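Please view the sequence and the structure together while reading.

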Amino acid sequence: MKVLENYKDGFKRFLEIQEEMKNIGDAQGVLYWDMVTIMPPKGVERRSDVIGYLSQLMYKLETGEEYNSLVYSLHEHFEEMNDKEKAMIKAAKKSLDFMKKIPEEEYLEYSKLVASGETYWAQAREKNDYESFKPILEKIVFFNKKIAGYMGYEETPYDALLDLYEPGATVKELDNVFSELREGLLKLLNKINASDVKIDSSILKGEYSNEAQKKYNTELAKRLGYDFERGAIAESAHPFSTNFGNKDVRITTAYSKEDPIIAMYSTIHETGHAIYEQNIPDDITKTNIGGGVSMGIHESQSRYYENILGRDEKFVEAEYPNMVEAFEGLKEFAPVDVFRAINKVEPSLIRIDADELTYSLHIIIRYELEKMMINGEVSFDELPELWANKYEEYLGVRPETFAAGVLQDVHWSGGMIGYFPSYALGNLYGAQMLYKGILRDLPDYYDLIKEGKISEITKWLAENVHSHGGTYEPKVLIEKITGEPLNAKYFLQYLNEKYSKIYNLK
Ligand SMILES: [Zn+2]
């Protein structure tokens, strides 16, 4: 290792290589975007080759001697650095440690396994055939256990996996937060199930052309503060957002002919992710902290826009005239009926169709099962049965097929174990930011929503969340913003207040 006299010189070189890595990453991103939006189907083979080639270039650059030696030498100067520099070096070292600790052949074997995992999963789900996917899942879990071992952990292997998606999160912490959450959600769900109020959500359905939906969603994203000079919306089978720096941040959406509300809320969700990326400051956009800090904090933004803001009564009232202009069938119904229909609670089998309340229960089930798989506490033969039992216990519904049960999500097939908790964490972070940040600093919050001044709220999020990029770990960031560590109290308070009104709860 080279000893640096003055770390600033080394840091300059480090930033140059970071930019090279971003260049490759952005090129891959554009190719991927093109692939899932407009590429003709037969282009897939050639495209995979090109993306694969760029991955090799990236790997060479990152594992190259110069960059390695720089990162580890710079790490020696950690204490002299400012917060942003510290975060960059920490993230760079974490990524290098990851590559060094896992033996190359094992890493390659695992990469191949997860690259083909999705295809096997899709076939298995299509045929409702758990047996064909079981050996793949078993291997993926086996590798994840090994990865956890290589990475190291203090208490339990699952900690190491959580850390890949939500830096600093631990089972101990999540067990506490999620058990409070689970109890609170089940209590509220029981009350709602016993309520006399019945909501008809079929009023939201109607036949609307892609064109009409596209026009509406574009205007909607604008109203939320999405900057179209630095953004674009396209269509893809599964909606997502992607970005090439902070000045080209794109989203996709998928339109359902019979239900315009699906695309509407998926657009709001992806817009939330995109606004985060558009507000990353110029000085870090070409570095490894030039993006959202974690999956959980990213979801806190998309879910804030989608649910806390987007399903708020005042928001729906303000949006109503625009909605009826685009979707005229809604004219027959009052804004309050639309608001209630959008907020209907109904336990169901499929996570991605779940309402705002039961969604977190779907996540808790996956969290509990993932821990058991990693700890070897459940056999892969028993997994579907256990899945079904948990659905029956928490949600009162039982899947009759594997496709509607254990095979419904793509995540495990891509090796993502430890990722699901991010979604529930996003809900908790968002509500905590609302009560302990937004409402504190913007006392006229609900008037802003009523008057359509969403940009004021977006400005608050930009200053308090987005502008930091990946500078602070989620734990540090949430305390910085709200003055207290993450807890489930505020999300439960939020849901209780909202649904007590909608369902007339005592
Ligand atoms: Zn999301």
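Which residues in H6 meet residues in H7?

## Helices H6 and H7

The model discussed here is predicted. In H6, the residues Asn 144, Lys 145, Ala 148, Gly 149 and Met 151 take part, and they meet Pro 157, Ala 160 and Leu 161 in H7. Sorted by class, this contact of H6 with H7 comprises five nonpolar, two polar and one charged residues.

Helix H7 covers residues 157–165, and its axis lies 8 Å from that of H6, at an angle of about 90°. Because angles of 65 to 115 degrees count as roughly perpendicular, H6 and H7 are described as roughly perpendicular to each other.

## Helices H5 and H6

In general, two packed helices are described by the angle between their axes and the distance between the axes. Helix H5 (residues 104–127) and helix H6 (residues 130–151) have axes that come within 10 Å and cross at roughly 150°. H5 is therefore roughly antiparallel to H6, the cut-off for this term being an angle over 145 degrees. The crossing in which H5 passes H6 is left-handed.

On the H5 side, the contact is formed by Glu 106, Tyr 110, Leu 113, Val 114, Gly 117, Tyr 120, Trp 121 and Ala 124. Their partners in H6 are Tyr 130, Ser 132, Phe 133, Ile 136, Lys 139, Ile 140, Phe 143 and Lys 146. By class, the contact of H5 with H6 holds 11 nonpolar, two polar and three charged residues. An α-helix has 3.6 residues a turn, so residues three or four places apart point the same way.

## Helix H10

Helix H10 comprises 19 residues, numbered 260–278. At 1.5 Å a residue, H10 should span 27 Å, and the 26 Å between its end C-alpha atoms agrees with this. Of the 19 residues in H10, 16 are buried, so the helix is mostly covered, where burial requires 20 or more other C-beta atoms within 10 Å.

## Two residues with positive phi

Most residues other than glycine have a negative phi. Asn 128 is not a glycine, yet its phi is positive, at about 55°. Asn 128 is located in the loop between H5 and H6. With 13 other C-beta atoms within 10 Å, Asn 128 is partly exposed.

Asn 504 also has a positive phi of about 55° without being a glycine. Its place is in the segment after helix H20 (489–502). Is Asn 504 buried or exposed? Asn 504 counts as exposed, because it has 12 C-beta neighbours inside 10 Å.

Technical notes:
Residues are numbered from 1 along each chain as its sequence is written. This is a predicted model: local features need pLDDT of at least 70, side-chain atom pairs count only at pLDDT 80 or more; totals for chains, interfaces and linings use all residues. Helices (H or I, at least four residues) and strands (E, at least two) are DSSP runs, numbered from the N terminus. The expected span of a helix is 1.5 Å times one less than its number of residues. Axes are lines fitted to C-alpha atoms, for helices over the stretch in contact, and angles run from 0 to 180 degrees between N-to-C directions. Angles under 35 degrees count as roughly parallel, over 145 as roughly antiparallel, 65 to 115 as roughly perpendicular and the rest as oblique. A crossing is left-handed if the near helix is turned anticlockwise from the far one by less than a right angle, and right-handed if clockwise. Two residues are in contact if their C-beta atoms, placed from the backbone, lie within 7 Å. Ala, Val, Leu, Ile, Met, Phe, Trp, Tyr, Cys and Pro count as nonpolar, Asp, Glu, Lys and Arg as charged, and the others, Gly among them, as polar.
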